[in-house]
Amino acid sequence: MEYKSQNVVCQNCKEQFTIEPDDFSFYEKMKVPAPKICPDCRFKMRAVFRNERTLYNQMCRLCGRSIITMYHPDSPYVVYCNDCFLSDKWDPYFFALDFDFSRPFFDQLKELTEKVPKSATYSSVQMGPNINSEYANFAGGNKDGYLIFNSGPGNENCAYSRGIIKARDVFDFYYGDSIENIYEGINVHKSNGIIWGQNVTDSIDSQFVLNCSNCQNCFGCVNLRHKSYHFFNEPLSREEWLARVGEISGSYLKIEEMKKKFSEFSLKFPHRSNNNLKTTNCTGDYLFESKNCHNCFEVSFCEDMHNVFSVKLAKDCADMIGHCRNSELLYNGVGVGAGSTRVISYWWVESSQDIEYSFAIRQSANCFGCDGIKNGNFVILNKRYEKDEYYKIKNKIVEELREKGVYGDFFPTDLAFFSYNETIGQDNMPMTKEQALLEGFRWEDKIQKTEGKETLSLDKIPDNIKDVEESILNEVLTCKMCSRNYRLIKREFEFYKKMLIPIPRECWNCRFVNRIIRRGPYKFWNRNCVKCQADITTSYAPDRPEIVYCEKCYQQEVY
Ligand SMILES: [Zn+2]
Ligand SMILES: [Zn+2]
Ligand SMILES: [Zn+2]
Ligand SMILES: [Zn+2]
């Protein structure tokens, strides 16, 4: 059937949005009606099911050991450690409910999901185990990781980072692969020894670099290609370069000064309208080797995707957050992948087919409204049926949801496991408490953190890392931004010593949030190239100070 693009007013926020012909073909394939809610509101509804880094201490309710979990101690859920959750020590069918035709489906699903135990953190079994990495969430295949999110496989000795693959000795980093010895970077690929880098590829031993590739020994440089021994875009002799950089490295005060100087310096140069690489017919940002992807963010090796965030190796999916590896025909979900197909509205599904409105499903098929099922087939509300009976009940539920105009939509927000400010919603579409409550989300006032326990004030830390002794590992510090207490871990301290990086004076969470701000928002504006006036779509808001060029003008500038 031929479709025309259609403008629709969002039933939540009343903003107008457009449904494109491609979207309609996808909805037809998935046998769902077109959504009445705009992509941003849909993102928030999903994001509130994805708490990556607000972690709490609890006890495993099965084996009693103390655990790190994404569930708030006051939440109604029974939380198991990941080992107990994956074991056969409990039976998800024990919680089965008979579908009651006289009650709304979502009420019954909520009742079920408040009974079925939850895994302390989300770990993808298919991506490999997390070894010695208890503080990892939405991650798999990490060794010696600490506070690692949405990452793996193939990482070793990394901390305080999100979105990394094949990374080794990487600290305070956001989004990259095949990297080693990286500190405070965003969007760095195939590089080694990059400190304070953003949008960098194939580079070595450089600091304060922005939009650079194939560079080596560059400091304070923007838009360079195939350069070495440059200092604020000027060539220097090797000796001169080493002397200047040597004076700065390791000193907290000098690095702070450089941060300021470099951010002013980089505003003089044109910026690309987006950070996409090797893409065809795509709109969005941080897209890599992808085709026909629209309104997407942090997406690699994908084809025919719409409104997806932090996704890799998938095709023909829409409205997804995370994972998706080797999967297709997924709609409205969080953390599904590992060879899954035809899945509608779900949370954490791996290696499964024909799943709808379900949570934590592995190696299963034909599940509707289930939680915690593995190796299941023809299951509704965790109760097994014969095939004919399954379809009879499922069709009834679909009919109910269609009549209410919500079939295909994500779970209603009152089923959300988390409060808005615990989730990646707050990172990517931040709201005040009042706004969030108004939009029907919960808000958590008691986020776990320690305050007032400091043993060493920041001004007592020596300026240069060379003068800091290992005894700092016994000290409790206080973040200069939020006054939260934080400590250093040994591997982190060794990394700072090796790389000549001063001790950070902010807690890891403030550093993380600051990195998201530098990354830019998951939001796009239509603007004009400052040079040729061509139409561009960019995540630089119109009031940003950066000079933004279209791709053609930018390439003319840098090559
Ligand atoms: Zn909306
Ligand atoms: Zn346990
Ligand atoms: Zn802080
Ligand atoms: Zn232009």
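Two residues are in contact if their C-beta atoms, placed from the backbone, lie within 7 Å. The model is predicted, so local features need pLDDT of at least 70 and side-chain atom pairs count only at pLDDT 80 or more, while totals for chains, interfaces and linings use all residues. Residues are numbered from 1 along each chain as its sequence is written, and chains are lettered from A and ligands numbered from 1 in the order in which they are written.

**View 1. Surroundings of Met-305.** Leaving out residues up to four places away in sequence, Met-305 touches Cys-293, Cys-296, Val-299, Val-311, Ala-314, Cys-317 and Ala-318.

**View 2. The largest nonpolar core.** A nonpolar core is a set of buried Ala, Val, Leu, Ile, Met, Phe, Trp, Tyr and Cys residues joined through C-beta atoms within 7 Å; buried means 20 or more other C-beta atoms within 10 Å of the residue's own, exposed 12 or fewer, and partly exposed in between, with C-beta atoms placed from the backbone. The largest such core has 127 residues, and Val-209 and Met-305 are among those with the most contacts inside it. Strand E10 (residues 155-189) gives the largest share, 15 residues.

View 3. Strands (E, at least two residues) and helices (H or I, at least four) are DSSP runs numbered from the N terminus, and two strands pair if DSSP finds at least two bridges between them. Of the 11 residues in E20 (residues 327-337), 9 are buried. E20 pairs with strand E19 (residues 296-323) in the parallel sense over 6 bridges, and 7 bridges join E20 to the parallel strand E21 (residues 341-350). Val-336 has Val-349 in E21 as its bridge partner.
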